[in-house]
Amino acid sequence: QVQLVESGGGLVQAGDSLRLSCAASGRTFSRYCAGWFRQAPGKEREFVASITWNSGRTYYADFAKGRFTISRDNAKNTVYLQMNSLKPDDTAVYFCAADLNRAAMTPDEYDYWGQGTQVTVSS
């Protein structure tokens, strides 16, 4: 089992940066793949980025490539999402997720979720 708590969201201007953190509990967190998803009002929950537990291989949605970076610090039981050059279209609730099997791109493949953190980017 693992519990996830996101933090770091807030209100920023277009072009600004934010770093989201996902703090995990559980002694086996280093064995979990982790992902970030986001959901805007009236929209489906969509994949942002994911990272494997062993090699640290990363995967990104097209809109995130070149702007967002996912990373993890297993010693701190934390996964991060560094977001640069933020746009108003990035406004959403951002969720952290974890799974033992795969750093998937679909939310239904993840077993554990945080409560979400709001990111608002003004134009």
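Cys-22 is buried, at a relative accessible area of 0%. The model is a predicted one. Cys-96 is buried too, at 1%. These two residues form a disulfide, with 2.2 Å between their sulfur atoms. The link is left-handed, at -85° about the S-S bond. Cys-22 belongs to strand β3 and Cys-96 to strand β9, so the bond ties together parts that lie 74 residues apart in sequence.

A search of the whole structure finds one disulfide. Cys-33 still counts as buried, with 4% relative accessibility.

Ser-21 is buried, with a relative accessible area of 16%. Leaving aside residues up to four places away in sequence, Ser-21 touches Val-5, Glu-6, Ser-7, Trp-36, Thr-78, Val-79 and Tyr-80.

Trp-36 leads on to the nonpolar core. In soluble globular proteins, nonpolar side chains tend to be buried together. Here the largest nonpolar core has 27 residues, and Trp-36, Leu-81, Met-83 and Tyr-94 have the most contacts inside it. Strands β3, β4, β5, β7, β8, β9 and β11 each supply at least two of its residues. Take Met-83. Beyond four places in sequence, Met-83 touches Asp-16, Ser-17, Leu-18, Leu-20, Arg-67, Phe-68, Tyr-94 and Val-119. A second, separate core has eight residues, including Phe-47, Ala-97, Ala-103 and Ala-104.

Now the rings. The count comes to seven aromatic pairs. One of them joins Phe-37 and Trp-113, tilted at 55° between the planes and 5.2 Å centre to centre. Phe-37 lies in strand β4 and Trp-113 in strand β10, 76 residues apart. Phe-37 is buried, with a relative accessible area of 0%, whereas Trp-113 is partly exposed at 28%. Trp-113 also pairs with Phe-95: the planes stand at 80° with centres 6.4 Å apart, so this pair is edge-to-face. Phe-95 is in strand β9, so its pairing with Trp-113 in strand β10 ties together parts 18 residues apart in sequence. Phe-95 is buried, at 10%. Ring pairs link Phe-37, Phe-47, Phe-95, Tyr-110 and Trp-113 into a cluster.

Two arginines sit over rings. The charged end of Arg-45 is over Phe-95, 3.9 Å from the ring centre. Arg-38 lies over the face of Phe-63, at 3.7 Å from the ring centre.

Technical notes: Residues numbered from 1 in each chain as written. Predicted model: local features only at pLDDT ≥ 70, side-chain atom pairs only at ≥ 80, totals over all residues. Heavy atoms only, no water. Core = buried A, V, L, I, M, F, W, Y, C linked by side-chain atoms within 4.5 Å. Buried < 20%, exposed > 50% of the residue type's maximum accessible area, 1.4 Å probe, protein only. Helix = DSSP H or I, 4+ residues; strand = E, 2+ residues; numbered from the N terminus. Contact = heavy atoms within 4.5 Å. Disulfide = S-S within 2.5 Å. Phe/Tyr/Trp six-rings, centres within 6.5 Å; stacked < 30°, edge-to-face > 60°. Lys NZ or Arg CZ within 6 Å of the ring centre and 35° of its normal.
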